[in-house]
Amino acid sequence: MKNAAKKVYLILILILLYAPIATLMILSFNKSRTRAKWGGFTLEWYRSLLENEQIMNAFYTTLLIALLSALAATLIGTLACIGMQAMSKRARNILMATANIPMVNPEIVTAVSLMLIFIALRVGLGFQTILLSHITFNIPYVILSVMPKMRQTSRSTYEAALDLGASPVYAFFRIVFPDILPGVISGFLLSFTMSLDDFVITHFTKGPGIDTLSTKIYTEVRKGIKPEIYALSTLLFVSVLLLLILVNYSPEETETAAKQAQKKPGRWKIFVLRRFVPAVMALVLISGGIYYGSRGKIGGQNTLVVYNWGEYMDPAVLELFEKETGIRVVYEEFETNEIMYPKVQTGAIAYDLVCPSDYMIQRMIENDLLAEINFDHIPNLKNIGSTYLEKSREFDPDNKYSVPYCWGTVGILYNKTMVDEPVDSWGILWDETYADSILMQDSVRDAFAVALCYLGYSLNSTDLDELTAAKNLLIRQKPLVQAYVVDQVRDKMIGNEAALGVIYSGEAIYTQRENPDLEYVIPKEGSNIWIDSWVIPKNARHKESAEAFINFLCRPDIALMNFDYITYSTPNTAARELIEDDEIRNSPIAFPDDEALRNCTTFHYLGDEMDGVYNELWNQVKSK
Amino acid sequence: MKRRRLLAGPYLFWSVSFIIIPLFLIVCYGLTKADGGFTLENAAHITTPENLKALGLSLLLAFLCTLICLVLAYPLAMILSQSSISQSSFIVLIFILPMWMNFLLRTLAWQTLLEKNGVINTFLSFLHLPQINIINTPYAIVLGMVYDFLPFMVLPIYNVLIKLDKDMINAARDLGANSAQTFVKIILPQSIPGVISGITMVFVPAMTTFVISDLLGGGKVLLIGNVIEQTFKQGSNWHLGSGLSLVLMIFVIASMGIVNKYDKGQSGGSF
Amino acid sequence: MSNKLIDLVHISKTYGTNTVLDNLDLYIRENEFLTLLGPSGCGKTTTLRIIGGFETPDSGQVIFDGKDITALPPNKRQLNTVFQRYALFSHMNIAENIAFGLKIKNKTKKYIDDKIRYALKLVNLDGYENRMPDSLSGGQQQRIAIARAIVNEPKVLLLDEPLGALDLKLRQDMQYELIRLKNELGITFVYVTHDQEEALTMSDTIVVMNQGYIQQIGTPETIYNEPENAFVADFIGDSNILSGIMLKDRLVNILGTPFQCVDEGFGTNTPVDVVIRPEDVNLVKPEDGMIRGIVTHLIFKGVHYEMEVMANNYEWLVHSTDMFPVGTEVGIRVVPFDIQIMNKPISEDEEAVNIEA
């Protein structure tokens, strides 16, 4: 009876541990791109995984960093153990305490401290800084694995070897090393695993154009994870599982060493299973890593460093551009304007092309971060509708710095099966009938815009009373809000998780495609109209390539490809003409008429001080 | 012998450059203004109501998470240490293996599981059981933390328990203790080093995480980790961020100091 | 002596395919110092653990003071164990270790304090109350383990090779301590060891075991002087074990020479094993001996000389205070009383004679 209870308990814990993993594996076979819906079985993602250079690149970077950092950490850590063994107890204790610092210190503090030292030393953030950081946090794992084994080794056997005429080096490798080898191996494996699984430290120490799986996933979280990632993780998990089973539980394992020695074929088999196969797998991984790694470098005249919103360009467009021009694109993604800004501002990374939103462009212009675009190089500008260039003057008064890429409105997406009444006002977001069914935007300006518009104030208000009123309104709303999210509104609305959500118009088209019960409105009180445009930072190294790329993007066929992929309204009127589906070409969501846009305004940059006020107020909302 | 000591040289160099000096830098940044003058303002920023609340909530959730992990892990470690498959490599494998599925993905999977129309609720409604609705609440964050950090509690306790001298338990039984008394008076105190290192390895990351609260809290729950992350990554204010990090570090060290007081000088570190 | 305190009835125990105890019967009397003696793997420790309650026999019963305690857990048994590796509670100081059993029995503080002082005095470690076990030497730890057991006033003290980890000098000291303790406390000791000297020194009764069977039970003198079979003879002390033929009562043919002996009832012309202790072999002038031989080895051992004598194609082991240099021709004499005759085992199983049957 007691044993049965123990078994049940064990099984429950195993379910807890492996349920998420099973979920991810199942998702890798899901035909639907969104995780909120099961769209039938498919192996499509496994095929497209191999073609997805970004993911494979991140994957190999991850493996390469894990391997190199684990190797380096194992070497340094093992040497340190040998050295410490010969030290006085006091010195050894001090060193051991140092080894424990990264284990006990909060990960975020370690990450921040490493970032600060790299910036202080002017080491460019990138592959090398991630590697150095991973070695740093891996060394303690090696030391803590090797040191106990080191203590168990007997001095006398080592001395016996010296007595029998062995040199210290020979004696070490023949006598001491075999004893500590299990510790060295487990230290290596532990380091490798920890490095593979790390996010926080990589997040703080990585540079542009380089992603590990973790940081790639984190960027994608807001957009919804690409199914290829599930496929890759499933493959990785299954192959590690097989490998471990192979190494640990080959059938001969149960036999004694003596028996193995007699049975030659068995030994040979063990050699293949336990040494050869893993070695070949490791070799494949390393060479793959070097191959992909060599392609991921920034530098050279023929490259272009692009910094864009997540999921904001059809990967096929990039390939096409690279093929046509021979320019290699290093592509990095950001999640919010606020995350993008300091990266460009510090100049630590020289981006060639960035795609910020209206008010952020204004801020960058005011802070003299942008270069004037040479429009001679962009003949395709003629395809951009004049209304959009006109609107752009609100933040780029002379149309000198920016070329519109996408635009849209902010409105309410609602589920017709859950909301019966007509939706035409922001006020419904304060209706208690929809408690816990409301999704709000998780960004300062968007959230405040909703409250300010509802109150009838300008969404660029700088009046403290107005802002306080908006803040109080948002605090009043908080109990009704299910979650503050960015792009996850999409998945959650498709999955019928919520009745109402504040969303960008571009996402609305996609969600309707997946879930026909959804409807999008621009509330009558007015809303935000936004334009994301391409700009070239002052410190860009490849300005002409950047202009060539802008010109390429303004080509109608290319703009159409992007529109199909990201479903955000395009300012490219020529491209709009090419849309075959009448319903979409004339969709009031993608291309609202002037009447609908009458009350809509763009965000303005309000100055650093006002930004601080907004942030302060928003923090008060969030922490209530 | 002297030359052998030199082998620790690379490590010494490494830990000074990448552990000691960076921490020193945090102290420097944390205690200065942007113009370089000395100030305590950054560290004092922790006392704003929002930050205090975030810190308090972090402490509370980390405490809850550690407690739950301990309660779940101890019996688990006991069962594992007594089981016939006491091949330790296998046990370790079970708990290390999930790490090969990216930690963000694993945490994210809980969204799919916990959502209103998620896997668990679909299953529950199929059985006509009441729905659970914890996604985007602190409960979901605690669940995610427990899930992510449970192995770090199980393994140290397990390692101590399998090394426990069986005769010591026999001796207690022999001297008249029943199984409950044996557990309370012998097994539990003997396993304290494992429990301490387990608590350390769970409490610290739980206290300072920003990812789990990000992924499972629906943006409604702000922990001290989130505050620091945002200060660095979005606000780009390194002085303020360092100041807050400094406070966090002191907090963690203090908490660990309190925990370690119960460890009667026995060496822990049994991961 | 007095009545049976512990009675083991038809005990069998198997681990996997390995039979450790096979239908073992044994009783232990009150106030006796009984030693289970045998090579490792003979089942002596398993027997002790079954008495202590740490193992359950596959079949058979453990009777204690007339009651069947086979299924009783260790904490309900009126006996205490001293473990081979002491098994002191390393997180408690000495006083807490000793008080452990008493606290569980809810004794008063005064009673416990008195007992601790008494027990520490008994094992000659007064004043060690506040020390931690790690700070004590092996011998001291062992004495604490004994003190921890005896304060509970058990009827029986089980000792599992308690001196195994100590060095020779300490071991001898502890042997006297144990005898003294036993006499002072007047309780039953069941002692497990593989050291025959230890067994001979301390025991009232020795039980020689091999391969899960009892080979012989008896006082140290009987075991030494009258081993029941070749195993016992070989295991206890040095011996010359020779094949012989019992010609008739009180006459045995050893290596072709008839010897007078005192044994009867083996029949005529029966093959037997003959045991002669080395100190019982007398070396005399060649012409005075029953058989003649040449000294091949000589070692000075302190108390006596150890010699090997080649006679009639057998290398005789001889202990003697007289010295004969290597190469000397000597005669060998054995008095009839010192010749011990044993039946030859017919098969492997037969080697394990069950005395009680």
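Two strands are said to pair if DSSP finds at least two bridges between them. The views below show parts of a predicted model.

**Figure 1. The strand pair β9(C) and β10(C).** Strand β9 (residues 205–210) and strand β10 (residues 213–218) of chain C pair in the antiparallel sense, over five bridges. Within this pairing, C:Val207 stands opposite C:Ile217 of β10(C). The two strands form a hairpin with two residues between them. C:Gln211 is found in the loop that lies between β9 and β10 of chain C, and its phi is positive, about 50°, although it is not a glycine.

**Figure 2. C:Tyr86 and its positive phi.** A second residue of chain C is shown here. C:Tyr86 has a phi near 65°, which is a positive value in a residue other than glycine. C:Tyr86 is placed in the loop between β6 (79–82) and α2 (94–104) of chain C. Is C:Tyr86 buried or exposed? C:Tyr86 is buried, because 25 other C-beta atoms lie within 10 Å of its own.

**Figure 3. Packing of α4 against α13 in chain B.** Helix α4 (residues 49–82) and helix α13 (residues 224–233) of chain B pack at an angle of about 130°, and their axes are 7 Å apart. The pair α4(B) and α13(B) is therefore described as oblique. From α4(B), the residues B:Asn51, B:Ala54, B:Leu55 and B:Ser58 meet B:Ile224, B:Gly225, B:Asn226 and B:Val227 of α13(B). By class, this contact of α4(B) with α13(B) has four nonpolar and four polar residues, and no charged ones.

**Figure 4. The largest nonpolar core.** This core has 141 residues, and those with the most contacts inside it are B:Cys65, B:Phe149, B:Val154 and B:Val202. Helix α8 (residues 138–163) of chain B gives the most to the core, with 16 residues. Which residues is B:Phe149 in contact with, leaving aside its neighbours within four places in sequence? They are B:Cys65, B:Cys69, B:Val202, B:Pro205 and B:Ala206.

**Figure 5. The side of chain B that touches chain C.** Here 15 residues of chain B are in contact with 18 residues of chain C. On the chain B side, α9 (166–174) and α10 (179–190) each supply at least two residues. The largest share of this side, six residues, comes from α9(B). The residues of this side of chain B divide by class into six nonpolar, five polar and four charged.

**Figure 6. The three chains and a covered helix of chain A.** Two pairs of chains are in contact, and of these, chains A and B share the most contacts. Chain A and chain C do not touch, and their nearest C-alpha atoms are 17 Å apart. In chain A, helix α10 (residues 213–221) is mostly covered, since eight of its nine residues are buried. The buried residues of α10(A) are A:Leu213, A:Ser214, A:Thr215, A:Lys216, A:Ile217, A:Tyr218, A:Glu220 and A:Val221.

Methods:
Residues are numbered from 1 along each chain as its sequence is written. Chains are lettered from A and ligands numbered from 1 in the order in which they are written. This is a predicted model: local features need pLDDT of at least 70, side-chain atom pairs count only at pLDDT 80 or more; totals for chains, interfaces and linings use all residues. Two residues are in contact if their C-beta atoms, placed from the backbone, lie within 7 Å. Helices (H or I, at least four residues) and strands (E, at least two) are DSSP runs, numbered from the N terminus. Ala, Val, Leu, Ile, Met, Phe, Trp, Tyr, Cys and Pro count as nonpolar, Asp, Glu, Lys and Arg as charged, and the others, Gly among them, as polar. A nonpolar core is a set of buried Ala, Val, Leu, Ile, Met, Phe, Trp, Tyr and Cys residues joined through C-beta atoms within 7 Å. A residue is buried if 20 or more other C-beta atoms lie within 10 Å of its own, exposed if 12 or fewer, and partly exposed in between; C-beta atoms are placed from the backbone. Axes are lines fitted to C-alpha atoms, for helices over the stretch in contact, and angles run from 0 to 180 degrees between N-to-C directions. Angles under 35 degrees count as roughly parallel, over 145 as roughly antiparallel, 65 to 115 as roughly perpendicular and the rest as oblique.
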